[in-house]
Amino acid sequence: MKLASSLLFACMSIALLLDSCLAKPQVVVASSTIPDTLQVSANEKLAFKLNAVGYQLYKYEKSGWVHKGPSADLYDMQGKKIGTHFGGPTWKAALPNDTSLVVGKPKVVIPATSPDAITWILLDAAPQGTGMFGMVNAIQRLETIGGKTPNVAGLENEEKRIPYAAVYYFYVPK
């Protein structure tokens, strides 16, 4: 089952990257190599991790491309869609009887292991509602693919959707 989830994540990621003509090979780092700067406190434990597949949204303004936020679907490790990820940044459950969401605030940001991928982040989290996100107090964005700021000039108010994938790790108090 774990292999099926990994294959689904890989296939979705590849499809998104091909869709945007990013045919370069990507480096995905195993979670066992989380940098020290992105480690959570000893008072937190991993509750679950989710694969995100979607887009990073950018708008061209006078000074260049401005990040507007993500727009992605969230999948559990078995490949079942269970939520969405959007500006805020916010993660929201899409399960029956689950009213939870969590809003993150970046705490530490470092470059990804691949130069073609968006940054890795440790976020403090503010949960709301009852359900899977209801106790989350920290989030890591790791193993990113794609999503970087466009490296071409744009026209005023032009918007771009850059395909990306990531693994989000959600932590709760011990």
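A salt bridge is defined here as a side-chain nitrogen of Lys or Arg within 4 Å of a carboxyl oxygen of Asp or Glu. The model is predicted, so local features need pLDDT of at least 70 and side-chain atom pairs count only at pLDDT 80 or more, whereas totals for chains, interfaces and linings use all residues. Residues are numbered from 1 along each chain as its sequence is written, and side-chain values use heavy atoms, with hydrogens and water left out.

Four salt bridges were found in a search of the whole structure. One of them joins Lys160 to Glu158, with 3.7 Å between the closest N and O atoms. Accessibility was classed by relative accessible area (buried, under 20%; exposed, over 50%; partly exposed, in between; 1.4 Å probe, protein chains only). Lys160 is partly exposed at 27%. Glu158 is partly exposed at 26%.

Lys68 and Glu61 also meet through their side chains in a salt bridge, at 3.2 Å from N to O. Lys68 has a relative accessible area of 46% and is partly exposed. Glu61 is partly exposed at 28%.

A salt bridge also forms between Asp124 and Lys107, whose closest N and O atoms lie 3.8 Å apart. This pair links distant parts of the chain, 17 residues apart: Asp124 belongs to strand E6 (residues 120-128) and Lys107 to strand E5 (residues 101-110). Helices (H or I, at least four residues) and strands (E, at least two) are DSSP runs, numbered from the N terminus. Asp124 is partly exposed, at 35%, whereas Lys107 is exposed, at 55%.

Nonpolar cores were examined next. Each is a set of buried Ala, Val, Leu, Ile, Met, Phe, Trp, Tyr and Cys residues joined through side-chain atoms within 4.5 Å. The largest holds 25 residues. Those with the most contacts inside this core are Trp91, Val102, Phe133, Val136, Ile139, Tyr168 and Phe170. At least two core residues come from each of strands E1 (44-61), E2 (64-75), E4 (90-93), E6 and E8 (159-173). E8 gives the most, with six residues.

Contacts of Tyr168 were listed with heavy atoms within 4.5 Å as the criterion. Leaving aside residues up to four places away in sequence, Tyr168 touches Phe48, Lys49, Leu50, Ala52, His85, Trp91, Ile139, Gln140 and Arg141. A second, separate core has 13 residues, among them Ile34, Leu38, Leu122 and Tyr171. In soluble globular proteins, nonpolar side chains tend to be buried together.
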